[in-house]
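Subject: Structure handover

Hello,

Here is the structure I said I would pass on. My notes on what was found in it follow below the model.

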Amino acid sequence: MILVLVETDAEGVTLTSREALSFARTLRDSDLADHNLEAIVVGPLADPLRSLVLTHLGGQGVTVVHHADDERLSSYGAAAWAASVVEVATAGSARLVIASGTPRGNEVLAHVSTRLDILMAANVIGVDGTEPLIVSRQVMGGGVFEEMRLEGDVAALSVAGHALDAIPAAMPTEPEVRSFSPALTDADLLTRVVRTEAKEAGGTDALTSARVVVGAGRGAGSADGFGDLLELTDILGGALGVSRVVTSLGWRPHHEQVGQTGSRISPDLYVACGISGAIQHWAGCQSAKTILAINTDADAPMVTKAHYAVIGDLHEIVPAINEELKRRLA
Ligand SMILES: Cc1cc2nc3c(=O)[nH]c(=O)nc-3n(C[C@H](O)[C@H](O)[C@H](O)COP(=O)(O)OP(=O)(O)OC[C@H]3O[C@@H](n4cnc5c(N)ncnc54)[C@H](O)[C@@H]3O)c2cc1C
């Protein structure tokens with residue numbers, strides 16, 4: 001069995017969990033063909049979310065969904081989630097336990113690997129062999145790639161967020177659902193989330209899930225220099241992402257920051273305006289499918305790495321783009 005821990009949000013299975021499922025399925029199809037692709041969902045789920053989750057899991061080719069359907073798991077707790085995962089992984093003799101490389105996915109897998117006394121690799125982006133297991137993974141915010149060999153019959157892997165695509169299965173399934181109530185001790189329930197607060201509107205979720213991101217760096221000039229950039233964001237139906245200089249100077253809020261200490265994005269289009277492309281920023285935007293750089297410096301790293309570049313002052317180029325887009329969309 002390849003067991004994938006799945007996280008959910010209001011729309012079903014999260015994008016990063018679908019990426020992890022897609023990664024696991026590709027692995028099953030190439031090197032681990034005698035293993036079933038199974039998923040575990042922790043905590044009660046009411047319809048219509050339950051149906052959405054099952055549709056997403058079927059779309060990823062999952063054959064069995066283990067549902068820890070227990071009121072004690074209605075709020076997140078790493079130890080209790082790990083106990084649920086360990087119960088299924090042990091009963092099904094899992095070869096791999098996989099989760100997305102989110103704070104939650106990594107935390108639960110760390111507990112799982114300790115309980116099962118197995119090795120764990122975080123932020124994996126590829127597998128180069130299964131006997132023994134050799135994986136490539138991102139370290140230092142994605143600036144460095146590392147090859148890691150994991151000895152043992154079972155291993156835990158978290159999949160780097162937005163580094164791989166969530167490709168639907170060619171043959172969707174109708175997964176069998178096995179609901180269970182895990183054996184939890186009092187110690188498993190000691191730590192759990194007791195309160196959550198909604199983020200301010202347009203938080204990091206809007207940025208990380210946007211198909212188009214308009215990026216702005218020091219080249220914006222000042223806190224008042226974002227008008228045309230926000231207009232372009234609006235026209236393209238995207239989200240604004242900024243460099244750390246911009247947040248450090250207080251021009252824009254931190255939740256808009258892209259990079260090693262901000263959000264990682266993987267839009268179809270990243271329009272990077274007045275951003276030099278320092279390695280720490282690149283760590284957050286390198287998964288964008290197409291990058292258009294607008295910069296006065298033809299030698300800026302963002303320009304040399306971009307698919308397309310316009311060399312010039314963003315305060316002249318962005319308004320011109322806006323006018324042309326408005327004319328075409330009128
Ligand atoms: C531990 C650590 C973590 C970090 N994490 C992050 C992170 O998460 N995200 C991040 O972004 N940075 C991060 N940084 C900072 C990073 O190293 C850079 O300092 C930062 O990304 C630079 O921001 P910038 O490109 O906006 O500014 P600059 O490097 O100053 O570049 C400005 C660019 O704008 C161009 N420009 C200027 N005027 C115009 C104009 N009118 N029109 C068009 N182009 C113009 C310039 O040619 C230049 O290329 C981190 C640094 C450290 C040490």
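Strands β12 (residues 212-216) and β14 (residues 269-273) run parallel and are joined by five bridges. Within this pairing, Val214 faces Val271 of β14. Please keep in mind throughout that this is a predicted model.

Helix α6 (residues 227-236) packs on the sheet and touches β12, β13 and β14. The direction of α6 makes about 175 degrees with that of β12. Another helix, α10, also packs on the sheet, where its contacts are with β14, β15 and β16. For α10 the angle to the direction of β15 is about 130 degrees.

The sheet itself is open, has five strands in the order β13-β12-β14-β15-β16, and is paired in parallel. Which strands stand at the edges? They are β13 (239-242) and β16 (308-311). Each has a single partner strand, so one side of each is left without a neighbour in the sheet. From one strand to the next the twist averages 20 degrees.

Next, the ligand. There are 28 residues around the ligand, and those that come nearest are Gly217, Gly219, Arg244, Gly259 and Ser276. Two or more residues of the shell come from each of α7 (244-248), α8 (279-285), β15 (290-295) and α10 (314-329). By residue type, the shell divides into 16 polar, eight nonpolar and four charged residues.

A further set of parallel strands involves β5. Five bridges join β4 to β5 in parallel, with Glu38 opposite Val64 in β5. Together with α2, these two strands make a right-handed β-α-β unit. Strand β5 is also joined to β11 by five bridges, again running parallel, and here Val65 stands opposite Val177 in β11. Is β5 enclosed or open to the outside? Four of the five residues of strand β5 (residues 64-68) are buried, so the strand is largely enclosed by the rest of the structure.

Some backbone details are worth checking by eye. Most residues other than glycine have a negative phi, and most peptide bonds are trans. The following depart from that.

- Asp47 and Pro48 are joined by a cis peptide bond, with omega about 10 degrees. Pro48 lies in the loop between β4 (37-42) and α2 (49-59).
- Glu131 and Pro132 are likewise joined by a cis peptide bond, with omega about 0 degrees. Pro132 lies in the loop between β7 (119-130) and β8 (133-139).
- Asp117, not a glycine, has a positive phi of about 55 degrees. Its loop runs between α4 (103-116) and β7.
- His162, not a glycine either, has a positive phi of about 60 degrees. This residue is in the loop between β10 (155-159) and β11 (176-180).

Are Asp117 and His162 buried or exposed? Asp117 has 8 other C-beta atoms within 10 Å, and because 12 or fewer counts as exposed, Asp117 is exposed. His162 has 25 C-beta neighbours inside 10 Å, and because 20 or more counts as buried, His162 is buried.

Regards

Note on methods. Residues are numbered from 1 along each chain as its sequence is written. This is a predicted model: local features need pLDDT of at least 70, side-chain atom pairs count only at pLDDT 80 or more; totals for chains, interfaces and linings use all residues. A residue is near a molecule or strand if its C-beta atom, placed from the backbone, lies within 6 Å of it. Ala, Val, Leu, Ile, Met, Phe, Trp, Tyr, Cys and Pro count as nonpolar, Asp, Glu, Lys and Arg as charged, and the others, Gly among them, as polar. Two strands pair if DSSP finds at least two bridges between them. A crossover is right-handed if, with the strands pointing away from the viewer, the path from the first strand over the helix to the second runs clockwise. Axes are lines fitted to C-alpha atoms, for helices over the stretch in contact, and angles run from 0 to 180 degrees between N-to-C directions. Two residues are in contact if their C-beta atoms, placed from the backbone, lie within 7 Å.
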